[in-house]
Amino acid sequence: MKKLLYITVNSKPENLSASKTVGRAFVNKFLEKNKDFQLEEIDLYETHIPRLRYEYFESRNCVIKTKDADQLSKEDKMEYAKIISLMNQFKEADVYVIATPMWSLSFPAPLKEYLDCIVMKDETIELTGDKVKGLLKDRKRACVYIQSSGGKIPWIASKVLNRGLNYIEDIMNMMGIKCFEEILVDGTGYTEEEKNKAIEEAMKEFDDVIKHIKV
């Protein structure tokens, strides 16, 4: 079966998080329409994401080989194994759904730490001199980025203010994932009414987004 990897980046429970509420609803609708997919989930606030220490690398963006990892301490072996596990889980997926709030024009730090474990030479990218080639174009993959924000971001200012979204799209493209869709839960505001209205508006985009995902 194909795999949908659902990645959440919010410490709030789902019923209090606009991004996770929309993310769950989208995942459920996607799976309803695509019976050949199985779901895997990772909560980046509950899952341990290793800090990337120099001991784990033999060169830039390249983790050490297994035989060299045998020389690490017990604790470092566990960290190394976790990096490999996260990377393999990511490589095995066909569709990625990332649900996150906008923080400081970007996203919460755990998502960046996670991506640093994923973007690896000879695994998800190939480095030749100063050129980068994505290795995840071996088959069709797609990423859906679901982002909530308190205010409404004007379209004309999106490139400046939506730095997190732009960064994720660039990273996915670099790894060879060209199908990228966004669902913005803008204007969640300060009241429950404002949040629910923003969620309702975002959910109207589901059908169009699912239609564009060809994997």
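User: Let's start with the second largest pocket: how much space lies in it?

Analyst: About 150 Å³. Keep in mind that this is a predicted model.

User: Which element gives the most to the lining of that second largest pocket?

Analyst: That's H7, with five residues. Strand S9 (179-186) also supplies at least two, as does H7. Among the lining residues are Lys 152, Asp 186, Glu 194, Lys 197 and Glu 205.

User: What makes up this lining by class?

Analyst: Six charged residues, four nonpolar and one polar. Asp, Glu, Lys and Arg count as charged, and Glu 201 is one of the residues in the lining.

User: And what volume does the largest pocket have?

Analyst: Its volume is about 330 Å³. The largest pocket is lined by 18 residues, and Lys 12, Leu 16, Ala 18, Ser 148 and Thr 188 lie nearest its centre. Helix H1 (18-33), strand S8 (142-149) and helix H7 (192-203) each give two or more residues to that lining. By class, the lining of the largest pocket has nine polar, six nonpolar and three charged residues.

User: Now single residues. Why is Arg 141 called buried?

Analyst: Its relative accessible area is 5%, and buried means under 20%. So Arg 141 counts as buried.

User: Where is Arg 141, and what does it touch?

Analyst: Arg 141 is in the loop between strand S7 (131-134) and S8. Leaving out residues up to four places away in sequence, it touches Lys 91, Ala 93, Asp 94, Tyr 96, Leu 136, Ile 177, Cys 179 and Val 215. With Lys 91, a polar atom of the Arg 141 side chain lies 2.5 Å from the backbone oxygen.

User: Lys 137: buried or exposed, and how do you know?

Analyst: Exposed, because its relative accessibility is 51% and the cut-off is over 50%. Lys 137 is also in the loop between S7 and S8. Beyond its neighbours within four places in sequence, Lys 137 is in contact with Met 175 and Gly 176.

User: How far apart are Lys 137 and Lys 178?

Analyst: In sequence, 41 residues; in space, 8.1 Å from C-alpha to C-alpha.

User: One more: how do you know what span helix H3 should have?

Analyst: H3 covers residues 74-92, which is 19 residues. The expected span is 1.5 Å times one less than the number of residues, so H3 should span 27 Å. Its end C-alpha atoms are 27 Å apart, so the two values agree.

User: Which residues in H3 are buried?

Analyst: Asp 76, Glu 79, Tyr 80, Ile 83, Leu 86, Met 87, Gln 89 and Phe 90.

Notes. Residues numbered from 1 in each chain as written. Predicted model: local features only at pLDDT ≥ 70, side-chain atom pairs only at ≥ 80, totals over all residues. Heavy atoms only, no water. 1 Å grid on protein atoms, 1.4 Å probe; cavity = no way out; pocket = protein on both sides within 12 Å on 5 of 7 lines; lining within 4 Å. Points joined across faces, edges and corners; volume = space filled by probe spheres on them. Helix = DSSP H or I, 4+ residues; strand = E, 2+ residues; numbered from the N terminus. Buried < 20%, exposed > 50% of the residue type's maximum accessible area, 1.4 Å probe, protein only. Polar contact = N/O pair within 3.5 Å; in protein donor to acceptor, adjacent residues only side chain to side chain. Contact = heavy atoms within 4.5 Å.
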